[in-house]
Amino acid sequence: MQTYQLMVNGAPHAVTSEPDKPLLWVLRDHLKLKGAKYGCGIAQCGACTVHIDGVAVQSCVLPISRVSGRVTTIEGLAKNGLLHPVQSAWIEHDVPQCGYCQAGQIMSAAAMLAVNPAPTDVDIDTAMSGNYCRCGTYVRIRAAIHAAAEARSVEGEAEV
Amino acid sequence: MNNVLTRRHFLKASALTSGGLMLELTLSGPLLAEALGTLVGSKELNAWVQISSSGQITIYSSVPEMGQGIKTALPMIIAEEMGAKWDDVKVLKSDVDSARFGLQGAGGSTSIPRNFDSMRTMGASAREMLIGAASEALEVDRAELEAKDSKVIHLSGESLSFGALAALAVRQPIPDPATLSFKDPKAYTIIGTSIAGVDNLGIVLGQSQFGIDVDVPNMRYAAYTRCPRLGGVPISFNEQAIKALPGVLDAFILTPDARAGQSSMSFLDGLAVLQGGVAIVGEDTWSVLNAKSNLKVVWDESAASTDSWSQMRREAKNLAGTAGGQIKRDSPVEAALNAPSNKAIDAFYEFPYVAHICMEPMNCTVHYIAGTESEAPRMEVWVPSQFPGQVKEVAKNLLGVDEERVTVNMTRMGGGFGRRAVHDFAAEAMAIAARTEGPVKLTWTRTDDIHQDFFRVGGFENMKAAVSPEGKLVAWDQHYIGFARNGKAVIGSGLRGNEFSMTAMPNARVRQSLIDIKTHCGAWRAPGANTNAFVEQSFLHELSVLAGRDHAEFLIELMGERRWLSEGNINALNTGRAIDVIQLAAQKSGWGKAMPQGWGQGLAFYFCHAAHIAEVADVYVDADQNFKVGKVTVAVDVGPIINLSGALSQVQGSIVDGLSTMALQQITMTNGRINQDNFDQYPVMRMGATPEIDVHFIQSNHQSTGLGEPALPPLAPAVTNAIFAATGTRIRSMPLSQEGFKLV
């Protein structure tokens with residue numbers, strides 16, 4: 001057991017853990033941040049996607065000992081009481097069905113838009129290819145990402 | 001609203017209370033709810049209504065939510081009939097209590113037709129009580145009042161808000177349901193509009209809602225390992241080594257217990273049996289999953305399943321050549337099949353087992369408090385379940401806990417698709433909790449979730465048919481080869497009796513043979529229909545090609561005269577509605593238009609779950625047999641739509657799910673062991689393969705029915721018929737990845 005210093009959603013945390021414990025379980029069980037989900041444990045489905053220094057990462061296969069950088073989870077995406085444009089677009093387009101995969105979808109979409117503010121369908125399909133949706137909400141995810149991209153360009157943010 | 005009226009109202013309202021915080025004290029929400037509960041005869045009551053004096057309308061939703069949108073749709077019906085403004089409505093999930101809410105279950109796309117009348121009765125009752133209250137407060141005839149926009153409005157234009165009326169309304173006599181009248185659908189302002197899911201904000205914020213997120217004080221975490229071969233029983237395991245691993249608190253063997261499987265719901269009876277295995281309890285999820293991966297168990301496999309998919313196929317192929325099987329429907333077909341002037345065809349179709357793979361793996365949290373000499377044991381359960389009330393039976397059967405001493409909390413489900421009707425995972429959690437101090441959460445790995453599924457059953461159909469020189473279907477000889485467990489057809493296998501070939505198909509003979517298996521099978525989105533549609537609608541296309549006929553015209557001709565096969569029975573085919581959706585799908589898809597090189601169109605129709613649905617797929621196939629579904633046009637008749645956004649979402653999802661399954665997915669087993677362990681061997685379609693989906697609703701003047709399942713079955717045959725149109729290659733087996741066709 002070792003103690004690791006993590007910066008999660010802007011707050012520092014000291015976590016005592018086995019070095020090979022994946023970040024996902026540290027977030028969910030130690031820090032009680034349940035937004036990132038367990039889906040497969042082998043980085044196939046993307047339900048566990050979080051940001052490390054703004055980059056989308058599948059946290060179910062990332063040992064805590066190898067986490068370096070600032071972690072952002074779905075709980076930290078809304079800032080100062082304002083939803084991220086992707087979150088607003090998800091509500092506007094009524095994207096979720098069961099909702100289980102959506103935190104991962106939103107985190108992948110937000111990471112993409114941060115570096116590609118005007119993505120094409122192909123850009124979206126590529127950036128989102130790590131995220132399964134068993135309910136089949138892909139049509140709406142695509143539409144919501146385009147809407148979020150437009151909203152970002154006019155700096156539209158909605159209140160939580 | 002003038003001041004005099006306001007004052008008079010408040011005087012009356014305050015007489016009911018002892019003053020003080022009158023606005024708060026006059027809510028009387030539970031009282032109103034109780035009154036309404038009595039009114040609609042509790043067993044079919046599915047929600048409560050509360051109105052606060054501030055005007056907030058709380059509607060409780062008692063049907064479990066798994067992504068089908070019922071938590072939004074049912075409250076819409078109540079709100080509509082009440083005259084509420086949707087913005088004033090807050091939806092909360094109800095407790096699990098069959099005495100108050102009746103059956104709290106989600107399955108079979110039945111929640112809308114089963115609950116529509118009770119929901120609007122509740123809404124209309126609340127409306128009449130509010131109108132009664134306004135009539136007293138305003139001292140006007142109730143016939144001069146109307147409920148609208150969360151207000152009761154008088155002819156004169158004077159109005160009182162629902163919030164202001166709540167306290168008075170609750171004292172009103174409960175209307176006799178026979179006296180209630182319902183809104184003219186033309187006046188609807190909520191039903192038929194697009195309302196976003198009531199939990200969307202919580203979902204996008206990552207708030208805990210799912211069973212796997214449950215976190216109660218002093219909770220332990222558990223993992224469970226069963227024999228890789230179904231029915232194997234643990235003898236021993238590396239107990240010392242496991243208990244020495246970090247974060248592990250306990251590890252023990254559980255012996256099988258068939259009692260857990262007893263259910264009062266006949267389709268579930270005998271399924272949720274506790275399988276023997278090794279439980280590991282620890283301080284957090286990863287610790288027990290890590291220990292699980294280090295587990296070494298000695299199994300007694302003497303009674304384990306020997307099922308193998310390859311063996312099942314061999315048996316089915318042998319049966320296909322025989323004249324055996326139970327006759328389900330008999331028409332003389334031999335003469336027409338053998339007549340030299342007719343064209344005949346003989347085809348063997350097969351479809352695989354598939355898994356549910358709900359994105360949220362099975363899990364359950366249980367706090368078991370052992371009994372003492374003076375007190376019987378009790379239990380609290382947190383469970384993502386399609387039938388949460390049924391876990392009380394599991395507790396009773398497995399641990400002898402009286403049902404009234406079991407508190408069940410239903411959670412949102414990360415998918416259901418039929419899997420969460422069976423509570424084997426809850427039985428495991430209870431058995432573990434009975435040996436654990438304090439509450440414990442059992443979480444399955446994805447591999448557990450796949451291996452221990454109640455699969456969509458695979459099967460085979462041997463099809464023969466003949467068409468006359470005039471291009472008419474003159475003989476249909478169908479031999480369904482499915483599976484049984486303990487002599488009884490498993491869920492989803494065999495013909496139910498309402499298939500087209502069992503009802504309206506002319507000149508049809510249908511036989512059925514069942515092969516006995518041990519493999520667990522269960523309800524999987526549109527059971528039976530999701531596979532039979534592939535066979536029936538592909539084979540009909542083969543026949544229309546054989547006859548040299550246009551496929552849409554051929555299907556419409558087969559429907560015959562416009563008629564409802566059993567008047568008033570929503571589960572009976574209405575050929576008129578069938579013809580309408582086929583024609584609409586054809587028209588909207590440009591059926592018959594010239595397609596570019598490599599492209600083809602395919603059409604399929606299926607009736608199930610009270611829904612008439614036709615789909616046309618536009619598919620491109622390249623020289624390497626990579627195929628791309630460019631567009632799917634869907635025509636749906638499920639009567640009037642409740643929530644347009646939710647209905648559209650279910651259809652879109654069914655198309656994607658149907659495509660993902662038919663293109664990519666197959667479960668196989670060898671000597672009782674499931675061969676697919678995780679998503680790397682059992683893939684799900686990714687976003688890039690998503691087609692354009694163009695949906696058209698015929699809002700016919702029939703009862704509104706559900707859409708969670710019925711848009712899925714026609715997708716597979718629409719796609720394979722399109723591949724035939726594009727390439728001339730007939731696909732008679734799924735998944736397409738096994739037939740050399742790759743979805744791109």
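Biologist: Are α6(B) and α7(B) roughly parallel or roughly perpendicular to each other?

Modeller: This is a predicted model, in which local features need pLDDT of at least 70, side-chain atom pairs count only at pLDDT 80 or more, and totals for chains, interfaces and linings use all residues. The axes of α6(B), residues 111-138, and α7(B), residues 162-169, come within 8 Å and cross at roughly 90°; axes are lines fitted to C-alpha atoms, for helices over the stretch in contact, and angles run from 0 to 180 degrees between N-to-C directions. Angles under 35 degrees count as roughly parallel, over 145 as roughly antiparallel, 65 to 115 as roughly perpendicular and the rest as oblique. The two helices are therefore roughly perpendicular.

Biologist: Which residues of α7(B) meet α6(B)?

Modeller: Residues are numbered from 1 along each chain as its sequence is written, while chains are lettered from A and ligands numbered from 1 in the order in which they are written. From α6(B) come M129(B), L130(B), A133(B), A134(B), E136(B) and A137(B), where a contact requires C-beta atoms, placed from the backbone, within 7 Å. They meet F162(B), L165(B), L168(B) and A169(B).

Biologist: How many charged residues has this contact of α6(B) with α7(B)?

Modeller: Ala, Val, Leu, Ile, Met, Phe, Trp, Tyr, Cys and Pro count as nonpolar, Asp, Glu, Lys and Arg as charged, and the others, Gly among them, as polar. The contact has nine nonpolar residues and no polar ones. The number of charged residues is one.

Biologist: Which residue is the bridge partner of Y368(B) in β15(B)?

Modeller: β14(B), residues 363-369, and β15(B), residues 378-383, pair in the antiparallel sense over five bridges. In β15(B), the partner of Y368(B) is M379(B).

Biologist: How many nonpolar residues has the contact of α13(B) with α14(B)?

Modeller: These helices pack at about 45°, with their axes 10 Å apart, and are therefore oblique to each other. The contact joins V391(B), V394(B), A395(B), L398(B) and L399(B) of α13(B) to A426(B), A427(B), M430(B) and A431(B) of α14(B). No polar and no charged residues are found in it, and the nonpolar ones number nine.

Biologist: Which residue of β27(B) stands opposite V632(B)?

Modeller: β23(B), residues 611-621, and β24(B), residues 626-637, run antiparallel and are joined by 10 bridges, with A617(B) partnered by V632(B). β24(B) also pairs with β27(B), residues 692-697, in the parallel sense over six bridges. There V632(B) stands opposite I693(B).

Biologist: Which element gives the most to the side of chain B that touches chain A?

Modeller: The contact takes 47 residues from chain B and 46 residues from chain A. The elements of chain B that give two or more residues are α8 (200-204), α10 (285-293) and α19 (644-664). With seven residues, the element that gives the most is α19(B).

Biologist: How many residues does the contact take from domain 2 of chain A?

Modeller: Chain A is divided into domain 1 (2-73) and domain 2 (85-153), bounds that come from an automatic or database domain assignment. Their centres, taken over C-alpha atoms, are separated by 21 Å. Domain 1 of chain A contributes 14 residues to the contact, and the number from domain 2 of chain A is 11.

Methods: Two strands pair if DSSP finds at least two bridges between them. Helices (H or I, at least four residues) and strands (E, at least two) are DSSP runs, numbered from the N terminus. Two residues are in contact if their C-beta atoms, placed from the backbone, lie within 7 Å.
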